[in-house]
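Welcome! Please take a moment to look over the sequence and the 3D view, and then read on for a short tour of some side-chain contacts.

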Amino acid sequence: MIKRLQLKFICISMSLVTVLLAVILLLICRFTWMRLESESIAILQSAVMEDHGPGRPGDRGPGMVQPSSRPVFLLSLDPEGKLDISGSNYYDLTDTELLQQIFEAARDSGQRTDILYAYSLRFYKLEGGPGPRYAFLDISKEISTVRGLFLNCLAIGAAAFLVFFAIMWVLSKWMVRPVEEAWINQRQFVADASHELKTPLTVILTNAELLQDPQCQPQMQQRASDSILTMSRQMRGLVERLLELARVDNGAVRAAFENTDLS
């Protein structure tokens, strides 16, 4: 019973700890991914806007990255329906067949911004002109960063789980100790009460059998009857003390206070 209680405490505690750790670590990964996503979308929007037309004075302040230095390339269709390609030196833009497939995949998605996981690219769509214009950004580093963060979170979560398990194991022993002591005392009490009740019952049964013996003398019958009465009173006193103990445990009996002359 004590082992089952200890195991139940550990299982419930570790379930709560596991859920809490999982929620915290998943939120960390989610917020990191959202931050990287917002940064890449801002880069795409800036690249599309700057490439789409002339900017205003002061738009390119100190520290602003120029479009040619960004890892972004842009695809659109010219009036003749041919693919118009522009971008930085970060990409090899000579494979027009692959770029055509990427452009068609972005156009078929129907989203303003989305991820092409087959190419590890995020795109942003700008409406206007003869046709839509798409800016693409490589997100392989984002995916690698989030994947590495997720693996690190798993390792940290596993280590934290083992630490919490050791702590809960020690705490479970400390918490069930009073229950174990109460259980031992209860077993001892039941054994002692059974022993106290067994002796008078044995005497009562023996004297009752003696009274049923037809050869029993009247003097012996009187002695047996007195013995039964004595043992019955002894058992009644024992049962009354047990009931009184039960009432005290339940709080039904309160201490009586009275004034006392200490002199």
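## A glutamate in helix α1

At 26% relative accessibility, E37 counts as partly exposed. Keep in mind, as you explore, that this is a predicted model. The side chain of E37 meets that of R122 in a salt bridge, with 3.4 Å from N to O. This pair links distant parts of the chain: E37 is in helix α1 (residues 2-52), R122 is in strand β4 (residues 121-126), and 85 residues separate them.

Is R122 buried or exposed? With a relative accessible area of 1%, R122 is buried, because buried means under 20%. R122 also forms a salt bridge with E142, where the closest N and O atoms are 3.1 Å apart. R122 lies in strand β4 and E142 in helix α3 (residues 140-211), so this contact ties together parts that are 20 residues apart in sequence. E142 counts as buried too, at 10% relative accessibility.

Taken together, E37, R122 and E142 are linked in a network of salt bridges.

## Aromatic pairs

Now for the rings. A pair of aromatic rings is described by the distance of the centres and the angle of the planes. How many aromatic pairs does the structure hold? There are 5. Among them is F73 with F136: the ring centres are 5.1 Å apart and the planes are at 15°, so this pair is stacked. F73 lies in strand β1 (residues 72-77) and F136 in strand β5 (residues 133-138), so the pair ties together parts that are 63 residues apart in sequence. F73 is buried, with a relative accessible area of 2%, and F136 is buried at 0%.

F103 and Y134 form an edge-to-face pair, 5.4 Å from centre to centre with 90° between the planes. F103 sits in helix α2 (residues 96-109) and Y134 in strand β5, 31 residues apart, and the pair links these distant parts of the chain. Both F103 and Y134 are buried.

## One cluster

Which residues form the aromatic cluster? They are F73, F103, F123, Y134 and F136.

Notes:
Residues are numbered from 1 along each chain as its sequence is written. This is a predicted model: local features need pLDDT of at least 70, side-chain atom pairs count only at pLDDT 80 or more; totals for chains, interfaces and linings use all residues. Side-chain values use heavy atoms; hydrogens and water are left out. Rings of Phe, Tyr and Trp (its six-membered ring) pair if their centres lie within 6.5 Å; planes under 30 degrees apart count as stacked, over 60 as edge-to-face and the rest as tilted. Helices (H or I, at least four residues) and strands (E, at least two) are DSSP runs, numbered from the N terminus. Buried means under 20% relative accessible area, exposed over 50%, partly exposed in between (1.4 Å probe, protein chains only). A salt bridge is a side-chain nitrogen of Lys or Arg within 4 Å of a carboxyl oxygen of Asp or Glu.
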